[in-house]
Each structure stands twice: as structure tokens, then as C-alpha cells.
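Please look over the structure below before reading on. The notes that follow are grouped by topic.

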Amino acid sequence: MNAIIFGAPGSGKGTYSALLKEILGVEVISMGDIFRAMMTEKSILGRIIKDYVNAGLLVPDIIVVEVLKEFINHAPKDKGFVLDGYPRTLAQAEALEGIARIDVVMRLVVPDWIIIERLSSRRICRDCGQVYNVRFLKPKKEGTCDKCGGELYQRSDDNPEVIKMRLDLYEKETSPLLRFYEGKMVPIISHTVDALEIPPEKVVKYIVAELKRLKLA
Ligand code: ADP
Ligand code: ZN
């Protein structure tokens, strides 16, 4: 199964794809994680990416598409993958058509007020990328990852001004892509969250049940 997990920043894409990886054994290709790793490199490309990410802007399509191709080509062929954070523009969706077949879109619907609450208190593990929230999804020990003991940090783009920019870009550039996949008759699983604290396991259980119904899991 090749899937896209689709939703606004802070809608839970990273959290749910990590669980889907555990349950279904799929590869997860997270554009955001890839770019954050590249940002720490002292290369020119790393610096260019850092400027875009820190401003809440989209990294230019030609860079994104090339990076994605690399990762898809190196992913194990038999497992299938979940794309998190790709595609974000129509040009990216069109480029993907020539790279891989997409079987399903998993769409997360979360109101803006919840997203803003979540992103401003989000923390990430430096070592394994696990997502926490100092208010709603706390680690057992403050500042430390439950899974690997790594240090938790706050992303440079998780601040109110940049969050607003990211949400605006999502509305303008990314959310219209849903229609692109509807037009291609790709099945869409939708899950709506309307409360701040919903156990991620519950959401993922629903997604897995829907995937089974579609005979994709
Ligand atoms: P979120 O979904 O919470 O905004 P991500 O970790 O997916 O965060 O992405 C962080 C940042 O990385 C984005 O704001 C953007 O600058 C850059 N980025 C990630 N994926 C893409 C993409 N497909 N196209 C362009 N920029 C991207
Ligand atoms: Zn960790």
C-alpha cells in the first residue's frame, strides 16, 4: 500500500504515521523530518532549506521533488509507504504521478483553534522524531523521550507568527489537492477530530479499519 497522509500542520500526520509504521510495517517518508535533518548539514542546500522552513514558507518544488525521488528510490520496494508532508502543491502532486502509484489518501480534519493550541505546545525528540505535547500528550519524564531517552526540543517554526503563515499556505496551496485525488478516483479516508485530547491510538484504529475495508491492510 502506498498512501498519503493529508492534513494541516499539527493535524497529527507525524504521530499517526509513526503508529501506522508500528502496526502495518510500512515505511514512512516524512518531508519535514528529511528537511530538518538537511537543515543541520552545513551545505548550501541545507542553508537554503533552513531559510524557507524557519519562515514557514514552502521549500521550492524543484528541490522537494528531487529529494522525494531519492527517498522513494531508496525505500524497500515490498513494504509500501506513507507520505507525510508531500505533496503540498499541485506541481508536487503532478510530479508524484510519474514516480509512484498512490492507493489511498488518509485525510485528517482538525479545526484551526485545536491546531494552534497543539503546535504551540508541541515538542519533538531530537533522536527518534517522536512527537509530544507538553499539555496534551506529555512524556513520562519532562524533556525526555519515552521511547528512546532522547532530548525533546521545540521546533523553530512552532511559534505563533510562523504557525499562522503555515496554516495560510496550507489553505491556499495544499488543501485544494484533495480535489486532485478525488478527480483521480483515489479512495479518501477522512477522520475528523473535534476535541483537544483524543488518544492517537483511537484515531489510528479507525484508519486501520478503513484500510482493511478497502483491502489495503
Ligand atoms: P507541518 O506539517 O507541521 O507544517 P512538516 O514537518 O511537515 O510540518 O514541515 C515543516 C516545514 O518543512 C514546512 O513548513 C515547509 O517549510 C517544509 N516542507 C515540508 N514538506 C514540504 C513540501 N512537500 N514542500 C515544500 N516545503 C515543505
Ligand atoms: Zn526519541
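This is a predicted model: local features need pLDDT of at least 70, side-chain atom pairs count only at pLDDT 80 or more; totals for chains, interfaces and linings use all residues.

Which residues does Thr 89 touch, not counting residues up to four places away in sequence? They are Leu 58, Asp 61, Glu 173 and Leu 177.

**Thr 89**
- Thr 89 sits in the loop that runs between β3 (81-84) and α5 (90-97).
- The relative accessible area of Thr 89 is 8%, and because buried means under 20%, Thr 89 counts as buried.

**Helix α7**
- Helix α7 (residues 160-174) has 15 residues and spans 20 Å from its first C-alpha to its last, close to the 21 Å expected at 1.5 Å a residue.
- Buried in α7 are Val 162, Ile 163, Arg 166, Leu 167, Leu 169, Tyr 170 and Thr 174.

**Aromatic pairs**
- The whole structure holds 2 aromatic pairs.
- In one pair, the ring centres of Phe 6 and Tyr 170 are 6.2 Å apart and the planes are at 50°, so the pair is tilted.
- This pair links distant parts of the chain, since Phe 6 belongs to strand β1 (residues 2-7) and Tyr 170 to helix α7, 164 residues apart.
- Phe 6 and Tyr 170 are both buried.
- In the pair of Phe 180 and Tyr 181, the ring centres are 4.9 Å apart and the planes are at 85°, which makes the pair edge-to-face.
- Phe 180 and Tyr 181 are buried as well.

**Sheet β6-β5-β7**
- An open sheet is formed by 3 strands in the order β6-β5-β7, with antiparallel pairing.
- Strands β6 (131-133) and β7 (152-153) are at the edges with a single partner strand each, so one side of each has no neighbour in the sheet.
- Strand β5 (residues 122-125) is joined to β7 by 2 bridges, and the two run antiparallel.
- Opposite Tyr 153 of β7 stands Ile 124.
- Arg 126 lies over the face of Tyr 153, 4.5 Å from the ring centre.

Notes. Residues are numbered from 1 along each chain as its sequence is written. Chains are lettered from A and ligands numbered from 1 in the order in which they are written. Side-chain values use heavy atoms; hydrogens and water are left out. Rings of Phe, Tyr and Trp (its six-membered ring) pair if their centres lie within 6.5 Å; planes under 30 degrees apart count as stacked, over 60 as edge-to-face and the rest as tilted. Helices (H or I, at least four residues) and strands (E, at least two) are DSSP runs, numbered from the N terminus. Buried means under 20% relative accessible area, exposed over 50%, partly exposed in between (1.4 Å probe, protein chains only). A charge sits over a ring if NZ of Lys or CZ of Arg is within 6 Å of the ring centre and within 35 degrees of the ring normal. Contact means heavy atoms within 4.5 Å. Two strands pair if DSSP finds at least two bridges between them. The expected span of a helix is 1.5 Å times one less than its number of residues.
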